[in-house]
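Thank you all for coming; I would like to walk through one chain this morning, going slowly enough that we can check each point on the screen.

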Amino acid sequence: MMKKSMSKKGIIYTVNLTEIEGDGSFPCPKCATVISPEDETEEIYKIVDTKIVNDELVELVIMCGNCGSNIKLTGFQGTI
Ligand SMILES: [Zn+2]
(Lines give C-alpha, C1' and ligand atoms only; values in the text may rest on other atoms or scores of the structure.)
Protein backbone atom coordinates (compact mmCIF):
# COMPACT_ATOMS: atom_id res chain seq x y z
CA MET A 1 0.00 0.00 0.00
CA MET A 2 1.38 3.36 -1.01
CA LYS A 3 0.58 6.25 1.23
CA LYS A 4 1.20 9.78 0.14
CA SER A 5 1.14 11.22 3.61
CA MET A 6 4.85 11.97 3.57
CA SER A 7 5.52 15.35 2.07
CA LYS A 8 8.93 16.80 1.50
CA LYS A 9 8.69 18.30 4.96
CA GLY A 10 7.85 14.92 6.38
CA ILE A 11 5.11 15.90 8.77
CA ILE A 12 1.43 16.56 8.28
CA TYR A 13 -0.37 17.99 11.26
CA THR A 14 -3.99 17.02 11.72
CA VAL A 15 -6.70 19.33 13.00
CA ASN A 16 -10.18 18.05 13.69
CA LEU A 17 -12.65 20.83 13.04
CA THR A 18 -15.25 19.29 15.32
CA GLU A 19 -12.92 19.94 18.23
CA ILE A 20 -12.61 23.63 17.44
CA GLU A 21 -14.93 26.08 19.09
CA GLY A 22 -16.01 29.40 17.72
CA ASP A 23 -15.76 30.36 14.07
CA GLY A 24 -13.50 27.47 13.12
CA SER A 25 -10.22 29.31 13.10
CA PHE A 26 -7.27 27.61 14.75
CA PRO A 27 -3.59 28.28 15.34
CA CYS A 28 -1.05 26.60 13.12
CA PRO A 29 0.29 23.66 15.17
CA LYS A 30 3.82 24.73 14.37
CA CYS A 31 4.01 28.52 14.22
CA ALA A 32 0.70 29.48 15.88
CA THR A 33 -0.43 31.69 13.02
CA VAL A 34 -4.20 31.83 13.26
CA ILE A 35 -5.74 30.12 10.26
CA SER A 36 -9.37 30.79 9.46
CA PRO A 37 -11.21 28.55 7.00
CA GLU A 38 -13.29 31.60 6.14
CA ASP A 39 -10.22 33.30 4.76
CA GLU A 40 -10.02 32.65 1.05
CA THR A 41 -7.29 35.10 0.15
CA GLU A 42 -4.59 32.39 0.22
CA GLU A 43 -2.33 34.79 2.09
CA ILE A 44 -2.59 32.88 5.34
CA TYR A 45 -2.80 29.41 3.89
CA LYS A 46 -3.04 27.56 0.63
CA ILE A 47 -5.19 24.59 -0.18
CA VAL A 48 -2.98 21.71 -1.17
CA ASP A 49 -5.42 18.84 -1.48
CA THR A 50 -9.08 18.07 -1.02
CA LYS A 51 -10.82 14.78 -0.49
CA ILE A 52 -14.44 14.61 -1.50
CA VAL A 53 -16.71 11.65 -0.82
CA ASN A 54 -20.30 11.60 -2.07
CA ASP A 55 -20.07 15.27 -3.04
CA GLU A 56 -19.10 16.20 0.48
CA LEU A 57 -15.80 17.62 1.56
CA VAL A 58 -14.37 15.24 4.13
CA GLU A 59 -10.75 16.23 4.21
CA LEU A 60 -8.72 19.29 3.34
CA VAL A 61 -4.98 19.60 3.32
CA ILE A 62 -3.65 23.11 3.59
CA MET A 63 -0.23 24.63 3.80
CA CYS A 64 0.48 27.33 6.34
CA GLY A 65 1.58 30.44 4.48
CA ASN A 66 3.91 31.42 7.27
CA CYS A 67 5.91 28.29 8.07
CA GLY A 68 4.95 25.99 5.20
CA SER A 69 3.59 23.21 7.40
CA ASN A 70 1.05 20.87 5.92
CA ILE A 71 -2.10 20.70 7.99
CA LYS A 72 -4.83 18.16 7.37
CA LEU A 73 -8.31 19.29 8.34
CA THR A 74 -10.89 16.67 9.18
CA GLY A 75 -14.37 16.74 10.69
CA PHE A 76 -16.28 18.45 7.91
CA GLN A 77 -19.24 16.08 7.92
CA GLY A 78 -22.51 17.66 8.76
CA THR A 79 -21.24 21.18 8.55
CA ILE A 80 -22.45 21.92 5.04
ZN1 LIG B 1 2.55 27.71 10.40
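Let me start with a question: does A32 count as buried or exposed? A32 counts as exposed, because it has 12 C-beta neighbours inside 10 Å, where the rule is that a residue with 20 or more other C-beta atoms within 10 Å of its own is buried, one with 12 or fewer is exposed, and one in between is partly exposed, with the C-beta atoms placed from the backbone.

Before going on, a word about what we are looking at. This is a predicted model, in which local features need pLDDT of at least 70 and side-chain atom pairs count only at pLDDT 80 or more, while totals for chains, interfaces and linings use all residues. Residues are numbered from 1 along each chain as its sequence is written.

The chain has zero helices and six strands, using DSSP runs numbered from the N terminus, with at least four residues of H or I for a helix and at least two of E for a strand. Of its 80 residues, 15% count as buried.

Now to the sheet, which is open, has four strands in the order 1-6-5-4, and shows mixed pairing; two strands are said to pair if DSSP finds at least two bridges between them. Strand 1 and strand 4 are the edge strands, each pairing on one side only. Strand 1, residues 12-16, and strand 6, residues 70-74, run parallel and are paired over five bridges, and within that pairing I12 has N70 as its bridge partner. Strand 5, residues 56-64, runs antiparallel to strand 6, again with five bridges, and here I62 is partnered by I71. Strand 5 and strand 6 also form a hairpin with five residues between them, and G68 in the turn has a positive phi of about 80°.

Which residues make up the largest nonpolar core? There are nine of them, namely F26, C28, I35, Y45, L60, I62, C64, I71 and L73, where a nonpolar core means a set of buried Ala, Val, Leu, Ile, Met, Phe, Trp, Tyr and Cys residues joined through C-beta atoms within 7 Å. Strand 5 and strand 6 each supply at least two residues of this core, and strand 5 gives the most, with three. If we set aside neighbours within four places in sequence, F26 is in contact with V15, I20 and I35, a contact being two residues whose C-beta atoms, placed from the backbone, lie within 7 Å.

Finally, the loops. Most residues other than glycine have a negative phi. A32, however, has a positive phi of about 70° although it is not a glycine, and its place is in the loop between strand 2, residues 26-27, and strand 3, residues 34-35. A32 and C67 are 35 residues apart in sequence, yet their C-alpha atoms are 9.5 Å apart in space. E42 also has a positive phi, near 65°, in a residue other than glycine, and E42 is found in the loop between strand 3 and strand 4, residues 45-53. E42 counts as exposed because it has 11 C-beta neighbours inside 10 Å.
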